[in-house]
Amino acid sequence: MMSRQQQVLLQKKPRMVLCVCGHSRELDMLPTTSQQVQQDTRALLACSSCPACHRGERQAVAIGRRDAFGLVPLAGEDVLQNGLAEEVRAHLLEMLSPALAADALPALVAVLNLHKDAAFWVEHRAVLWSTNKQQMATVLLDLLQSQEWSTGEEREELT
Ligand SMILES: [Zn+2]
């Protein structure tokens, strides 16, 4: 159901769609797009949040998960980078934790806590769109290896 505000908006400016979050976004579809597809797309967008709010929602979920699992907050250059980094790490946790026994979870959390800089996670953001366990494992390996680099003295003692 369209709200009255949405109907008015559509009549005034047919290219604008009012999202569920209250923000409007421009919809620029090809002139060849059928009326039905245009209508369906509008209806879909009217039931979803604008990109900025959607990002905020995803990041709020990631931060909730971070706090629930005892992950350290990530530090980066800006809010956008931090938010993306939190999402990447939360996704990794979400993908890997169901396969773990409950008593192995703290070990995973400890590995994920090895890197607090957002840049590391942003660099590995490809895992956000992946469910590939091999790719997840590569990130874990990078986490462990870069930890070794930062404690080079200890590593030398081991060899
Ligand atoms: Zn919005």
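How many helices and strands are there in the protein? I counted 8 helices and 2 strands, where helices (H or I, at least four residues) and strands (E, at least two) are DSSP runs numbered from the N terminus. Along the sequence I read the pattern α-β-β-α-α-α-α-α-α-α.

Before going on, I noted the conventions. The model is predicted, with local features needing pLDDT of at least 70 and side-chain atom pairs counting only at pLDDT 80 or more, while totals for chains, interfaces and linings use all residues. Residues are numbered from 1 along each chain as its sequence is written.

**Entry: burial and contacts.** I looked up burial and found that buried residues make up 15% of the 159 residues. A residue is buried if 20 or more other C-beta atoms lie within 10 Å of its own, exposed if 12 or fewer, and partly exposed in between, with C-beta atoms placed from the backbone. I then took contacts between residues at least 6 apart in sequence; 63% of them join residues at least 24 apart. Contact here requires C-beta atoms, placed from the backbone, to lie within 7 Å.

**Entry: helix H2.** I checked residues 35-46, which form H2. Its 12 residues reach 16 Å from first C-alpha to last, close to the 16 Å expected at 1.5 Å a residue; the expected span is 1.5 Å times one less than the number of residues. H2 is hardly covered, with a buried count of 1 among its 12 residues.

**Entry: helix H3.** I repeated the check on H3, residues 51-69: its 19 residues should span 27 Å, and the end C-alpha atoms are 27 Å apart, which agrees. Gly70 follows H3 and has a positive phi, near 75°.

**Entry: H3 against H4.** Two packed helices are described by the angle between their axes and the distance between the axes. I found H3 and H4 (residues 79-96) packed at about 55°, with axes 8 Å apart. The axes are lines fitted to C-alpha atoms over the stretch in contact, and angles run from 0 to 180 degrees between N-to-C directions. The two helices are therefore oblique to each other, since under 35 degrees counts as roughly parallel, over 145 as roughly antiparallel, 65 to 115 as roughly perpendicular and the rest as oblique. On the H3 side the contact includes Arg55, Arg58 and Phe69, and on the H4 side Glu86, Glu87 and Leu93.

**Entry: Leu114.** I located Leu114 in the loop between H5 (105-112) and H6 (118-123). Leu114 is partly exposed, with 17 other C-beta atoms within 10 Å. Leu71 is 43 residues from Leu114 in sequence, and their C-alpha atoms are 9.8 Å apart.

Terms used. Two residues are in contact if their C-beta atoms, placed from the backbone, lie within 7 Å.
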